[in-house]
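Me: I am new to this structure. Can you take me through it in short questions and answers?

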Amino acid sequence: MDLLVDMVCVVDDEGRYVYISATCEQLLGYSPDELIGRNMVEFVHPDDQERTLAAAMVVMGGQPQVNFENRYIRKDGSIVEIMWSARWSEEEQVRIAVARDITELSRIARRQEAIYQISEAAQSSEGLDALYRCVHEFLDRLLPVNRLFVVLYDQERQKLIFPYFYNDIEQHQDPVPLRKGSLIEKVFREKKAIMANAGDSVCPVTQAVTGRHDYDWLGAPLASSYGTKGALVVQVTSGSFSYCEEDLDLLQFVATQVGSAIDRERQDARLHHMAHHDPLTDLPNRALFRDRLRVALKQARRSGDRVVLLYLDLSNFKMVNDSLGHAVGDEALREIARRIKSCVRESDTVCRIGGDEFTVLLSNLQIKDDVQAIVEKIRDSIAVPVELEGKQFTFAVDVGIAAYPEHGENIEKLLRYADSAMYQSKKGRSRQAGEPEKRSSII
């Protein structure tokens, strides 16, 4: 029996070992002499003791157990996963069992299951935050993880940002500069997964977020079709475990899933932005403007605040297109849009309806707020000459004003009132200047 690969043992009705084959030393780290006379439950993992005793009672009741799995704690403190098959000898009043080490098989099965779950989560998670939490949960089942973070490089600020950050002390990390020679910089530069074991001198850790080099470190790039620099990083601070190449391959697979999810979210955000913004000026379009007006009116009904709608129509704009072409006209419209935005608050909405027509939504206004002062500020800003192709052009603007609740209590009434007021303004100015009348379109 001592030559068998599997361990054979005999346990009495009180759970004490009365015989155990020599394989126990390879499986549990104890020699047979160290185990004989001791109760087998002493060596069972605490979380598995209750169900192990329950299974033993079933066996002692005369029902064999096949392929029962539990965990034992080895002599060195590590955990081994064991599959048992056992039956009861009524004549001898003992349980006879055969045990096999399935630690590696279980690890492979868990890893494959986690890989499937991560792939599924990457497709179905409600937002990146949920995906990051899922990834952390899955990796935690497969690897010792004391620190885990997703890091992206913000090109504009030239800093690393951390949309997800976890360590055993805190769950937040402020942006930090990307330091040359750091492990993260190496991942970005080489565009491949990097492993650094404790004490390695291959690539020094100089990144502020990691600091020391007394731990194992894995980092994998987040693949992105947008050229985004990012990485998924895990660390273990305990000296009792070292990452291996297999762990690195796993992290690269997970990072690829995360990178694809980031790409999809950015693509969705880009399409959503395109659907709700004017492609020329990047201002909100009609659909988004109406939605924001609807929300503003709903809030105003509860708070009693005023909502004001401005309808703007440029004059003298046709001569730019006629004399310099539409490309230069587009440049003029972008400049006008920038000027209008500079005259209102960040919370207000400026929209290009089409052509040379704009609207402005002023929300959360109090009675004391001087809307006319805002209108004059817009007029003065637009009246400043615009230089185009070496020539200066001066524009004027006709403005129609509609206020909630004075001029209407719903979107359509306010839009019609503002359009009509703008038309009357244009009509009056046209008569004064001898210009032909032009009727604007209704939103």
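Me: Is Phe395 buried or exposed in this predicted model?
Reply: The model is predicted. Residues under 20% relative accessible area count as buried. Phe395 has 2% relative accessibility, so Phe395 is buried.

Me: Which residue forms an aromatic pair with Phe395?
Reply: Phe395 sits in the loop between β16 (391–393) and β17 (396–404). Its partner sits in the loop between β12 (306–315) and α9 (318–324), 78 residues apart. The ring centres are 6.1 Å apart and the planes are at 40 degrees, a tilted pair. The partner is Phe317.

Me: Is Phe317 buried or exposed?
Reply: The cut-off for buried is under 20% relative accessible area. Phe317 comes to 6% relative accessibility, so Phe317 is buried.

Me: How are the rings of Tyr132 and Tyr164 placed: stacked, edge-to-face or tilted?
Reply: Planes under 30 degrees apart count as stacked, and planes over 60 count as edge-to-face. The centres of Tyr132 and Tyr164 are 6.1 Å apart, with the planes at 50 degrees.

Me: Which residues do ring pairs link into a cluster?
Reply: The structure has 8 aromatic pairs in its count. Ring pairs join three residues into a cluster: Tyr17, Tyr30 and Phe43.

Me: Which residue forms a salt bridge with Arg100?
Reply: Side chains of opposite charge can pair when their charged atoms come close. Arg100 is in strand β5 (residues 94–101), and its partner is in the segment before β1 (7–12), 94 residues apart. The closest N and O atoms are 2.7 Å apart. The partner is Asp6.

Me: How many residues apart in sequence are the parts joined by Glu406 and Arg306?
Reply: The two side chains meet in a salt bridge of 3.4 Å, N to O. Glu406 is partly exposed at 49% relative accessibility, while Arg306 is buried at 13%. Glu406 lies in the loop between β17 and α12 (411–433), and Arg306 lies in strand β12. The parts they tie together are apart in sequence by 100 residues.

Me: What is the N to O distance in the salt bridge of Asp348 and Arg345?
Reply: Asp348 counts as buried at 9% relative accessibility. Arg345 counts as partly exposed at 37%. Their side chains meet with an N to O distance of 2.6 Å.

Me: Which residues join Lys186 in one salt-bridge network?
Reply: The structure holds 22 salt bridges. Lys186 lies in helix α6 (residues 183–190) and is buried at 15% relative accessible area. A polar contact of 2.8 Å joins its side chain to that of Glu190. Salt bridges with shared partners join Lys186 with Glu185, Arg189, Glu190 and Lys192.

Me: How do α4 and α5 run: roughly parallel or roughly antiparallel?
Reply: Their axes come within 10 Å. Residues in α4, including Arg110 and Ala114, meet residues in α5, including Leu131 and Phe138. The axes cross at roughly 175 degrees. Angles over 145 count as roughly antiparallel, so α4 and α5 are roughly antiparallel.

Me: Which residue has its backbone nitrogen 3.1 Å from a polar side-chain atom of Asn285?
Reply: Asn285 lies in the loop between α7 (245–276) and α8 (286–303). Asn285 is buried at 16% relative accessibility. Its contacts beyond four places in sequence include His277 and Cys351. The backbone nitrogen belongs to Leu288.

Me: How far apart in space are Asp356 and Gly329?
Reply: Asp356 lies in the loop between β13 (349–354) and β14 (357–365). Asp356 counts as buried at 10% relative accessibility. Gly329 is 27 residues away in sequence. C-alpha to C-alpha, the distance is 9.7 Å.

Notes: Residues are numbered from 1 along each chain as its sequence is written. This is a predicted model: local features need pLDDT of at least 70, side-chain atom pairs count only at pLDDT 80 or more; totals for chains, interfaces and linings use all residues. Side-chain values use heavy atoms; hydrogens and water are left out. Rings of Phe, Tyr and Trp (its six-membered ring) pair if their centres lie within 6.5 Å; planes under 30 degrees apart count as stacked, over 60 as edge-to-face and the rest as tilted. Helices (H or I, at least four residues) and strands (E, at least two) are DSSP runs, numbered from the N terminus. Buried means under 20% relative accessible area, exposed over 50%, partly exposed in between (1.4 Å probe, protein chains only). A salt bridge is a side-chain nitrogen of Lys or Arg within 4 Å of a carboxyl oxygen of Asp or Glu. A polar contact is a pair of N or O atoms within 3.5 Å; within protein, one must be able to donate a hydrogen and the other to accept it, and residues adjacent in sequence count only if both atoms are side-chain atoms. Axes are lines fitted to C-alpha atoms, for helices over the stretch in contact, and angles run from 0 to 180 degrees between N-to-C directions. Angles under 35 degrees count as roughly parallel, over 145 as roughly antiparallel, 65 to 115 as roughly perpendicular and the rest as oblique. Contact means heavy atoms within 4.5 Å.
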